[in-house]
Amino acid sequence: MKYWIVTFGCAANEADSERIARYYEARGYTKARSIRSADDVVINTCMIRQKAEDRVYGLVYNLSLAKKKGRKLKIVVTGCMVGMAAREKTGKMLTLLKKKMPSVDEFLPIEEVGFDHAPIRTDKDHALVLITNGCNNFCTFCVVPITRGREVSRPFEDILLECRTVAIQGMSYVTLVGQNVNSYGADFASQSVIPATEPGSSRFKSDRFRVKPGMEKKVTYVKHLGRLRIPTLFPHLLEEVCRIDGLKLIDFISSNPWDFSDELIGVIASNAKISRHIHLPVQSGDTEVLRRMNRWYTREEYLTLVKKLREHVPGVTLSTDIIVGFCGETVDQFENTVALAKKVGFTKAYVAMYSDRPHTSAHKVYSDDVPHAEKKRRWQILEELINKTNLRNGTYS
Ligand code: SF4
């Protein structure tokens, strides 16, 4: 039996697909030469924008036509669309999904694949290593906390073991992947800090975390709702990955501005193996829009972080994500994004026109009131300013 995987969406989905490949091979399947010769086609879905969802429906429709013509084929759908439906308790969403795609034979929640299946990588030099799954941030436009659930961190030692393994296999470049790598470890660091020794104290007061017997790390606190209160181990993890012989280049995605700690900047500054290109999603250059997006930083805080990075990491370049035409975004607010982009000088930007996603807070509370033509105009301005200019100048990265 042969399988073929089609992946939509982000690096986390790509990393999931590598584990799905192992999941299939463990059940006796081999990889097909193409989608046409596969017995099972697995579609790893994305819901970040309507366009991504539509591409899934289009592919399923085309495969269903092949089935109607007599091809023996199993269509399996996994990823974000299934994650969201599987988490919904009444089962209504799953019923709706089945109704929308009646030719699908199996809806596979990614949790069933789990982390136990070692990825099958096709790239010989570059490994994506998942460090967290899910997100706790609930940006109002984003469906990820609903599709992937709350943030779960992989154990520190498991990640190091995977990185050591890829180095032994001869790979030299590792990307640590998570929806927000900066809060890596928040889930278990907060439970496992070493209890205070003060007599009578019932509270955990120590700021040290036991990674494994004999290895303790000082937890770094990052900002949540304006206060340093989320414990993270990401700077330590990054430092440990840098110590692995054979790895020459290490980077990470995504890394959100509000919890990009000074400790993390320090680790980057002191480790030449860490990429000098950082992806730092800004989404908007207007503080009021950021507030409505539930992004926990202001325009000024973002610019201060960029300044700090440039001071401590000479030669650092930055790319970003920007949403144009978010609910209620005025022309002046958009111009603030343009001005910020000019000031920062991004080398690349993933510019997206706002796409209303069901079940998000923005969908429930705000109105998608910027006309499509205006969204497109704003998109074109930023595309020209950032991507096309960098492409012409040879500075696109
Ligand atoms: S940080 Fe915000 S944009 Fe990123 S995955 Fe989480 S909710 Fe979505």
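In the hairpin formed by strand 10 and strand 11, 2 residues lie between the strands, and G214 adopts a positive phi near 90°. Strand 10 covers residues 208-212 and strand 11 covers residues 215-218; the two run antiparallel and are joined by 4 bridges. R208 has K218 in strand 11 as its bridge partner.

The model is predicted. For the protein chain, the mean pLDDT is 91, with 94% of residues at 70 or more. Residues 196-205 have a pLDDT below 50, and this stretch makes 8 contacts in the model beyond near neighbours in sequence.

**Domains**

The domain assignment divides the protein chain as follows.

| Domain | Residues |
|---|---|
| domain 1 | 2-113 |
| domain 2 | 122-275 |
| domain 3 | 276-397 |

Taken over C-alpha atoms, the centres of domain 2 and domain 3 are separated by 25 Å. Where these domains meet, 21 residues of domain 2 are in contact with 27 residues of domain 3. On the side of domain 2 that touches domain 3, the elements giving two or more residues are strand 12 (220-224) and helix 10 (262-270). Helix 10 provides the largest share of that side, 3 residues. By class, the side of domain 2 that touches domain 3 has 14 nonpolar residues, 6 polar residues and 1 charged residue.

**Ligand surroundings**

The residues around the ligand are C135, N137, F138, C139, C142, V144, P145, Q179, N180 and N256. This shell is made up of 6 nonpolar and 4 polar residues, with no charged residue.

**S361 and its contacts**

S361 belongs to helix 14, which spans residues 361-365. Leaving aside neighbours within four places in sequence, S361 is in contact with F138, T140 and N294. Of these partners, F138 is also one of the residues that surround the ligand. T140 and S361 are 221 residues apart along the chain, yet their C-alpha atoms are separated by 4.8 Å.

Is S361 buried, exposed or partly exposed? S361 has 15 C-beta neighbours inside 10 Å. A residue needs 20 or more such neighbours to be buried and 12 or fewer to be exposed, so S361 counts as partly exposed with its 15.

Notes: Residues are numbered from 1 along each chain as its sequence is written. This is a predicted model: local features need pLDDT of at least 70, side-chain atom pairs count only at pLDDT 80 or more; totals for chains, interfaces and linings use all residues. A residue is near a molecule or strand if its C-beta atom, placed from the backbone, lies within 6 Å of it. Ala, Val, Leu, Ile, Met, Phe, Trp, Tyr, Cys and Pro count as nonpolar, Asp, Glu, Lys and Arg as charged, and the others, Gly among them, as polar. pLDDT is the predictor's confidence in each residue, from 0 to 100. Two residues are in contact if their C-beta atoms, placed from the backbone, lie within 7 Å. Domain bounds come from an automatic or database domain assignment. Two strands pair if DSSP finds at least two bridges between them.
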